[in-house]
Amino acid sequence: MAKQKFYAIKAPDGGKIVLSWEECQQLTHGVKGVLFRAFPSRAEAQNWIDGISAPVPKGLRIYVDGSFLEGFPKAGWGFIVVENDTEIARGSGVTVFDAESRNIDGECMASFQAMKWLEANDKTAVICHDYEGVARWAKGEWKAKSSIAQKYVEACRPLVHRVSFEKVAAHTGVKWNEAVDKLAKDAIAREKKGPASVEPKVAPSAPAEPKVAPSEPVEPPVAKSVPEPIKDPKTGQMSLPL
């Protein structure tokens, strides 16, 4: 039997606690300025409405989320690793293949990437997610019918022993859940923009030396000896011999 949840609704004119998700949706859908969040106890729900902060969860937690944008074929994914409410790592990207189930592809990829991070760092953690299938498929509680669900189950089977799961209500003001939601959206925006096209900067090269065909060596002119002038015995004038 599923445990009873308490849905706290916080509005500018006051707060309310309801006992079903359906009633919570009816009271909050399309209403501006309203926040809501699920709690395991009425006391925690009331404390949230009254603004009393819950104790910071201890240990390692990884918040995961996926995103999908109409007109873009792939889903975005992101995870943020938090230890004692302090971020220590994060990762994000888009799915390799086109998304067949919109943001669900991103949710599954985010969870799988979080498990890979834990495996690489030899750690265990709580995965905090807002899509229920992330936990249900991994734990074998839901039958994996879709292709993405089957791929997810197969991929995380050797890694799932490192995690437990905790569902977090989406868009209810949970700090890290809101942060990872933005991370998944930013991954799509970054991918859509693509790599910046920057012209490579090439240093100007020195002008090439002009190519000159080698000339034949020129021998220096040989100085001709100048004959001594001869004196004409008749006239007494000096002249050079012809």
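Colleague: Which residues lie nearest the centre of the second largest pocket?

Modeller: Phe97, Met109, Ile148, Lys151 and Tyr152 lie nearest its centre. The lining has 13 residues. H3 and helix H5 (147-156) are the elements that each give two or more residues to that lining. Bear in mind that this is a predicted model.

Colleague: How large is the second largest pocket in volume?

Modeller: The volume is about 270 Å³.

Colleague: What makes residues of the lining of the second largest pocket nonpolar, polar or charged?

Modeller: The residue type decides. Lys counts as charged and Phe, Met, Ile and Tyr as nonpolar. The lining divides into eight nonpolar, one polar and four charged residues.

Colleague: Why is Gln113 called buried?

Modeller: The relative accessible area of Gln113 is 18%. Buried means under 20%. Gln113 is therefore buried. The residue sits in helix H3 (residues 103-121).

Colleague: What is Gln113 in contact with, leaving aside neighbours within four places in sequence?

Modeller: Trp77 and Phe79. As for Cys156, its C-alpha atom is separated from that of Gln113 by 9.2 Å. Those two residues are 43 apart along the chain.

Colleague: Why is Arg61 called buried?

Modeller: Its relative accessible area is 9%. The cut-off is under 20%. So Arg61 counts as buried. Arg61 belongs to strand S4 (residues 60-67).

Colleague: How do you know that a polar contact joins the side chains of Arg61 and Glu166?

Modeller: The distance is 2.6 Å. The limit for a pair of N or O atoms is within 3.5 Å, and one must be able to donate a hydrogen and the other to accept it. The pair is therefore listed as a polar contact. Beyond four places in sequence, Arg61 also touches Ile80, Val81, Val82, Ala125, Val126 and Cys128.

Colleague: What makes up the largest nonpolar core?

Modeller: This core has 28 residues. Ile62, Phe79, Met115, Trp117, Tyr152 and Phe165 have the most contacts inside it. At least two residues each come from S4, strand S5 (76-83), H3, strand S7 (125-129), helix H4 (133-138), H5 and strand S8 (163-167). H3 gives the most, with seven residues.

Colleague: Which residues is Met115 in contact with, leaving aside its neighbours within four places in sequence?

Modeller: Ile127, Tyr152, Cys156, Leu159, Val160, Val163 and Phe165.

Methods
Residues are numbered from 1 along each chain as its sequence is written. This is a predicted model: local features need pLDDT of at least 70, side-chain atom pairs count only at pLDDT 80 or more; totals for chains, interfaces and linings use all residues. Side-chain values use heavy atoms; hydrogens and water are left out. Helices (H or I, at least four residues) and strands (E, at least two) are DSSP runs, numbered from the N terminus. Buried means under 20% relative accessible area, exposed over 50%, partly exposed in between (1.4 Å probe, protein chains only). Contact means heavy atoms within 4.5 Å. On a 1 Å grid over the protein atoms alone, a cavity is a set of points where a 1.4 Å probe fits but cannot get out, and a pocket is an open set with protein on both sides within 12 Å along at least five of seven lines; lining residues have an atom within 4 Å of a point. Grid points are joined across faces, edges and corners, and a volume is the space filled by probe spheres set on the points. A nonpolar core is a set of buried Ala, Val, Leu, Ile, Met, Phe, Trp, Tyr and Cys residues joined through side-chain atoms within 4.5 Å.
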